[in-house]
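Colleague: I'd like a close look at one part of this predicted model. Could you walk me through the nonpolar core and then whatever surrounds it?

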Amino acid sequence: MTLRDPDELTIPPDGRPLSEQPRWRRDFPIDIAQDQYVARREFIKFLVLTSFAFVVGQTWILVKSLFRRREHQPQTPIVRLDEIPVGGFVQFDYPASGEPKLLVRLGAQEVVAYDQRCTHLSCPVVPQVERGRIHCPCHDGNFDLVTGRPLSGPPSRPLPRVDLELRDGMVWAIGVTEWMS
Ligand code: FES
């Protein structure tokens with residue numbers, strides 16, 4: 001087999017022009033010397049398409065899980081607002097029993113609620129309203145009382161937040177927002 005240039009086609013063995021070559025050679029006129037370049041190009045195309053499919057799949061799963069979480073979360077009355085003093089808090093289970101949450105009254109019409117399980121190793125957290133934080137006694141972790149974001153200690157993710165609504169003086173839980181870190 002004679003090669004003129006690595007980027008050029010191999011001269012067919014019988015020396016005849018390509019138009020006189022067998023059909024299979026005309027249908028696939030890729031030289032052996034170019035074969036590795038074609039394979040590399042195909043491989044890169046495969047990687048790009050696979051990565052794209054992966055991203056689309058992950059996005060779809062994320063969107064589905066967000067909607068599913070919304071669909072299946074009940075709307076539950078928690079407590080009447082006037083039963084909690086400003087600075088006080090109550091514990092409740094939501095969306096099901098065994099899923100402890102904390103509701104804290106920050107002001108006349110302002111309440112927040114979070115998952116009571118620390119995002120480090122799931123110890124129960126306690127509000128320290130006078131210090132503007134939620135404290136985890138296990139490893140001295142602290143979260144911001146207003147946002148739920150970690151302030152200090154081992155936790156790196158915010159506390160999941162319970163979405164609340166005030167209806168005729170009653171505080172309702174209507175969902176849980178999990179934060180992406
Ligand atoms: S479990 Fe809360 S800081 Fe470690």
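Modeller: Let's start with the core itself. The largest nonpolar core is made of 19 residues, and the ones with the most contacts inside it are Leu103, Val104, Val111, Ala113, Tyr114 and Ile134. Two or more residues each are contributed by β3, β4, β6 and β10. The largest share belongs to β4, which supplies four residues. As a general background, nonpolar side chains tend to be buried together in soluble globular proteins.

Setting aside neighbours within four places in sequence, Tyr114 is in contact with Lys101, Leu102, Ile134, Gly148, Leu159, Pro160, Arg161 and Val162. One of those partners, Ile134, is also on the list of core residues with the most contacts.

Next, the sheet that β6 belongs to. Four strands make up an open sheet in the order β5-β6-β7-β8, with antiparallel pairing. At the edges sit β5 and β8 (150-152), each of which pairs on one side only. From one strand to the next, the twist averages 35 degrees. If you want to see the pairing up close, go to β5 and β6 (residues 133-136): these two run antiparallel and are joined by three bridges. Gln128 stands opposite Arg133 of β6 there. In general, strands of a sheet pair through backbone hydrogen bonds.

Most residues other than glycine have a negative phi, and most peptide bonds are trans. Ser122 is not a glycine, yet has a positive phi of about 70 degrees. You'll find Ser122 in the loop between β4 (111-115) and β5 (126-128). Ser122 counts as exposed because 12 other C-beta atoms lie within 10 Å, and the cut-off for exposed is 12 or fewer.

Asp168 is another non-glycine with a positive phi, this one about 50 degrees. Asp168 lies in the loop between β9 (161-167) and β10 (170-177). Asp168 has 7 C-beta neighbours inside 10 Å, so this residue is exposed as well.

Finally, there's a cis peptide bond to look at. The bond from Tyr94 to Pro95 is cis, and its omega is near 0 degrees. Pro95 is in the loop that runs between β2 (89-93) and β3 (100-105).

Conventions. Residues are numbered from 1 along each chain as its sequence is written. This is a predicted model: local features need pLDDT of at least 70, side-chain atom pairs count only at pLDDT 80 or more; totals for chains, interfaces and linings use all residues. A residue is buried if 20 or more other C-beta atoms lie within 10 Å of its own, exposed if 12 or fewer, and partly exposed in between; C-beta atoms are placed from the backbone. Two strands pair if DSSP finds at least two bridges between them. Axes are lines fitted to C-alpha atoms, for helices over the stretch in contact, and angles run from 0 to 180 degrees between N-to-C directions. A nonpolar core is a set of buried Ala, Val, Leu, Ile, Met, Phe, Trp, Tyr and Cys residues joined through C-beta atoms within 7 Å. Two residues are in contact if their C-beta atoms, placed from the backbone, lie within 7 Å.
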